[in-house]
Amino acid sequence: MRVPRIWRLWFFATVLVLWWVLSADSTSTFFPPLRKILTQLYELWIVGDARRELWSSLGHFAIGYPAAGLLGIGIGALLWKFHRVGHAVSPVLYFVYVIPTAAMLPAIVAVMGIGSPMKITVIVLAAIWPTLLNTLDGMRGIDPVMLDTAKVMHMSPVRTVRTVVLPGAMPQIMAGLRHSLQIAVIMMVVSELVASRSGIGFFILEAQQRFAMTEMWTGIIVLALVGSALTFLFIAVERLVLAWYLGARAVEQKG
Amino acid sequence: MSPVSQSEVIHGRPPGPSGEPVLSVRALAKTYNAGQRTERPAIADVSFDVAKGEFVCVVGPSGCGKTTLLRCLSGLLGPTSGEVRFEGTPLQAVPDRLSVVFQDYSRSLFPWLSVHRNVAVPLKVAGVPKQQRETRIREVLDAVGLDDVGRSYPWQLSGGMQQRVAIARALAHRPDMLLMDEPFASVDAQTRFDLEDLILQVRRELGITVVLVTHDIDEAVYLADRVVVLGRAPSRVKEIVDVPLEHPRTQLGTRSSDAFGRLRGHLMELVTSA
């Protein structure tokens, strides 16, 4: 039997209610009552101007994430197409890949300063990997019969990529983009924790340093809401782009 | 179709000495990894001609290099030695006037495109203008008995219908020759009969030349004007057998005739004695 979608949120609702009830009489500095957090959230983020911090962060995200996605797909496709170069480059790629971008942050700050270019660079450098590697993997996994079919139809290399390779690798590319999205959100915040004067990461860190715990929690909740919204948006896009794939898979599973 | 070729088809002989063969295979040999330790000869020596409008089946025991041969005939794979000529010119790449239907439709149809758009792909590649494209798509879908599934995706259709789409797509840009690699191997028996009759009908209506590779002897006899029998790998031509069964053929009538039985027996002997 199919349960209406809204009821699947029962656990989430329970957690919220428990949080609300159990924190109601809290006097702990670190865990203020949820009611207080929400009141302040309203005052700061909806009435007040803390939103500015969010817009500043999202601005960097809005440039960094698409750039990471496009570069990831582009470089992945090039490494697939020129596989001799690809094989030579791969070890270097994996070597760079295992360096946590957070560890590179001091170096990037040293070179680029603490402005927007640095933050965008950090997002791109960290978020590019899942998309790049998944693109490469997905394209390498294209059925050779598909490529023969393209050849038999006399498709040009560009058309082959557009009509056969890219759509064929799309399920994996989308999985990569989704992972990249999470990383981009994380790096958006991390880039604001170092020598920064703006952004939601800065807001959270600064509140904590002022010992304004309730304010800090509002920042964290806003971040969680934004992250969820981005994920849901992504899933909606994915359902559109991969409608054929999801449909075909459902048919396959039914047998 | 001209009356001349009609009578020739009825007598089951290769139509006319007139003009060059559409496909001419001369001393074709293919060795994988030639010169290396992993060297594996797949085709030793294959020669045969296919005349215009003829239906030729290639049979052989499994693993005899049939698919390798088909890839060489289509220009997807270069031979180690020997030559394949299509309409007089030696093959460099896949020739324009040739189409290929692969065995596994699910690996060759594009699952992200609707049936209509799958069939449109070769026409778009050939630069056929939109209006003409639409007419052609309707024609070929109609020719394979699919006129109302254009908006469906291939995976929403049965196996037999999917292979029909693949055939329609192969016919869309009006090729002179159709190469088929065990095209009916992944469908059930009844569908297989339907598709065999379909391809005979398409061939009759469009006057197209067909080369079909199969391991099924009955199928080869039922479809072909001539059958090229290959031996075990590395394959050589064991014999080229004429199939003088009359047209139009019917699953019940043709298959139960004495002539069919004799041809089948002869081919079976050739293939199993490999």
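In helix α10 of chain B, the residues B:Leu263, B:Leu267, B:Leu270 and B:Val271 are buried. Seen down the helix axis, the buried residues of α10(B) fall within an arc of 90 degrees, so they line one face of the helix. This is a predicted model. Chain B has 10 helices and 10 strands.

**Helix α10 of chain B**

- An α-helix has 3.6 residues a turn, so residues three or four places apart point the same way.
- The face turned away from the buried side of α10(B) carries exposed residues, among them B:Asp258, B:Arg262 and B:Glu269.
- Cover for the buried residues of α10(B) includes β3, α8 (217–223), β9 and β10 of chain B.
- The 15 residues of α10(B) should span 21 Å at 1.5 Å a residue. The end C-alpha atoms of α10(B) are 21 Å apart, which agrees.

**The sheet of chain B**

- Ten strands form an open sheet with mixed pairing: the 10 strands run in the order β5-β4-β1-β2-β10-β9-β3-β8-β7-β6 (chain B).
- β5 (89–90) and β6 (98–101) of chain B stand at the edges. Each has a single partner strand, so one side of each is left without a neighbour in the sheet.
- β6(B) pairs with β7 (residues 177–181) of chain B in the parallel sense, over four bridges.
- B:Val100 stands opposite B:Leu179 in β7(B).
- Helix α10 (residues 258–272) of chain B packs on the sheet and touches β3 (55–59), β9 (226–230) and β10 (235–242) of chain B. The direction of α10(B) makes about 170 degrees with that of β10(B).

**Chain B as a whole**

- A compact globule of 274 residues would have a radius of gyration near 19 Å; chain B has 18 Å, which agrees.
- The C-alpha atoms of chain B fill a box of roughly 50 × 50 × 40 Å along the principal axes.
- Of the 274 residues of chain B, 43% count as buried.
- Take the contacts in chain B between residues at least 6 apart in sequence: 71% of them join residues at least 24 apart.

**Backbone details in the loops**

- A cis peptide bond joins B:His247 and B:Pro248, with omega about -10 degrees. B:Pro248 is found in the loop between β10 and α9 (251–256) of chain B.
- B:Arg174 is not a glycine, yet its phi is positive, near 50 degrees. B:Arg174 lies in the loop between α6 (159–171) and β7 of chain B. With 14 other C-beta atoms within 10 Å, B:Arg174 is partly exposed.
- A:Phe211 is also a residue other than glycine with a positive phi, near 70 degrees. A:Phe211 lies in the loop between α9 (200–209) and α10 (213–241) of chain A. A:Phe211 counts as exposed because it has 10 C-beta neighbours inside 10 Å.

Note on methods
Residues are numbered from 1 along each chain as its sequence is written. Chains are lettered from A and ligands numbered from 1 in the order in which they are written. This is a predicted model: local features need pLDDT of at least 70, side-chain atom pairs count only at pLDDT 80 or more; totals for chains, interfaces and linings use all residues. Two strands pair if DSSP finds at least two bridges between them. Helices (H or I, at least four residues) and strands (E, at least two) are DSSP runs, numbered from the N terminus. Two residues are in contact if their C-beta atoms, placed from the backbone, lie within 7 Å. Axes are lines fitted to C-alpha atoms, for helices over the stretch in contact, and angles run from 0 to 180 degrees between N-to-C directions. The expected span of a helix is 1.5 Å times one less than its number of residues. A residue is buried if 20 or more other C-beta atoms lie within 10 Å of its own, exposed if 12 or fewer, and partly exposed in between; C-beta atoms are placed from the backbone. The arc is that of the directions from the helix axis to the C-beta atoms. The radius of gyration is taken over C-alpha atoms; the globule rule is 2.2 Å times the number of residues to the power 0.38.
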